[in-house]
Amino acid sequence: MPGEIQRERILDHGEEQFYLTAAKQPLRDVANVILDTGMRPEEVFRMSWPNVHFQPAGKARYGYISNPFGKTQNARRNVSLTPRVKALLEMRHAQQGHPSEGWVFPAATKSGCLESVKSQHARALKDSGVKQFVLYSLRHTMLTRLGEAGADAFSIQKIAGHSSILISQRYVHPTPERIEGAFALLESYNSQKAKELKEEQEREHGLVQ
């Protein structure tokens, strides 16, 4: 759309390590949650304990986070926990006295958690030397990594809570190596089909028993 701003900045794993090392709490936990789940920053800030499920559903292993917010049905979704996010949420839950209610990231200042995280983010960027990015870029980073790992756009749509598959496709940025790999797969596929065709033709002419 005219005037639309797309955040194309993604972090490599080295930048992630430097940034997280420099980040203070609660920013470090917020950043880890976004990097591992792809949740929007505002979704993380609004997380409450009743929506954090440590016990896995079905055959899952690590539990999930329910996100009841969002303008669309896709935005209101369950997001799987990773081992890292499960561990940090369990630690935070224990530190808060195992509450059954309340915010996961309660306001740390009079201005609220968001303002505290913003100031910590600016400091972490300065201390780490990592090139400027906004917190939303961590979501973009996670979803891009999903694409690089081979996740299809439909799976990314489900995880991200996008309303359209077209939005999810923007988060898939294949590297030159992955593009080359796709051509290699195509070449292998074509070679296999050519081999099968040749064998079929030889059988038809009685050259293969």
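Visitor: Which residues in α2 do E16, Y19, L20 and T21 in α1 meet?

Guide: This is a predicted model, where local features need pLDDT of at least 70, side-chain atom pairs count only at pLDDT 80 or more, and totals for chains, interfaces and linings use all residues. Residues are numbered from 1 along each chain as its sequence is written, and side-chain values use heavy atoms, leaving out hydrogens and water. Contact means heavy atoms within 4.5 Å. By that test, the α1 residues meet L27, R28, A31, N32 and L35 in α2.

Visitor: How are α1 and α2 oriented to each other?

Guide: Helices are DSSP runs of H or I, at least four residues, numbered from the N terminus; strands are runs of E, at least two. The axes, lines fitted to C-alpha atoms over the stretch in contact, come within 8 Å and cross at roughly 150°. Angles over 145 degrees, taken between N-to-C directions on a scale from 0 to 180, count as roughly antiparallel. The two helices are therefore roughly antiparallel.

Visitor: Which residue of β3 stands opposite I65?

Guide: Strands pair if DSSP finds at least two bridges between them. Four bridges join β2 (residues 64-67) to β3, and the two run antiparallel. Opposite I65 stands V79.

Notes
Angles under 35 degrees count as roughly parallel, over 145 as roughly antiparallel, 65 to 115 as roughly perpendicular and the rest as oblique.
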